Amino acid sequence: MSAEKKEQDASNSGPVHVIVTFSVKEDKYDAFMEAVKPMIVATNKEKGCSRYNIHCDQKNKCKVVMVEQWESQDCLNKHLQQPHVKTFNEKQKAQGMAAGVPQIFFCGGPVIDLE
């Protein structure tokens with residue numbers, strides 16, 4: 001088995017956690033929430049989605065964190081091709097909802113095993 005194939009198999013073998021941070025413009029907050037809700041509802045019905053929702057900072061609602069958990073990289077890859085994801089991305093870009101470029105962190109499973 002090639003090194004590339006082993007790496008690909010390893011990336012698909014376990015859960016994937018994604019954290020996305022947004023700074024939403026204050027005057028675009030309501031539009032952001034309206035645009036993101038259908039994506040969240042649809043995504044939670046997707047195969048392989050264990051967790052997918054947004055959370056706002058308690059002191060500044062415009063600091064938004066999206067927390068995702070996927071059964072595998074394959075499930076995440078399929079999610080990224082869904083029409084509801086594309087629709088949200090197009091809307092938030094076209095309407096200039098974010099104050100900057102969202103930060104995206106792709107993580108594997110937990111580093112510390114609690115068992």
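The model is a predicted one, in which local features need pLDDT of at least 70 and side-chain atom pairs count only at pLDDT 80 or more, while totals for chains, interfaces and linings use all residues. Residues are numbered from 1 along each chain as its sequence is written, and side-chain values use heavy atoms, with hydrogens and water left out.

The 4 strands form an open sheet in the order β2-β3-β1-β4, with antiparallel pairing; two strands are said to pair if DSSP finds at least two bridges between them. The edge strands are β2 and β4, each of which pairs on one side only. In general, strands of a sheet pair through backbone hydrogen bonds, either parallel or antiparallel.

The partners of β1 can now be followed residue by residue. Strands β1 and β3 run antiparallel and are joined by 8 bridges, and here Thr21 stands opposite Val65 in β3. With β4, strand β1 pairs in the antiparallel sense over 5 bridges; His17 has Cys107 of β4 as its bridge partner, and Val20 stands opposite Ile104 in β4.

Helix α3 packs on this sheet, touching β1, β2, β3 and β4, and its direction makes about 130 degrees with that of β3, where axes are lines fitted to C-alpha atoms, for helices over the stretch in contact, and angles run from 0 to 180 degrees between N-to-C directions. Which residues of α3 are buried? In this helix, which spans residues 73-80, they are Cys75, Leu76 and His79, buried meaning under 20% relative accessible area with a 1.4 Å probe and protein chains only. Seen down the axis of α3, these buried residues fall within an arc of 100 degrees, so they line one face of the helix; the arc is that of the directions from the helix axis to the C-beta atoms. The buried residues of α3 pack against β1, α2, β2, β3, α4 and β4, contact meaning heavy atoms within 4.5 Å.

Finally, for the chain as a whole, 30% of the 115 residues count as buried. Among contacts between residues at least 6 apart in sequence, 69% join residues at least 24 apart.

Definitions and conventions. Buried means under 20% relative accessible area, exposed over 50%, partly exposed in between (1.4 Å probe, protein chains only). Helices (H or I, at least four residues) and strands (E, at least two) are DSSP runs, numbered from the N terminus.
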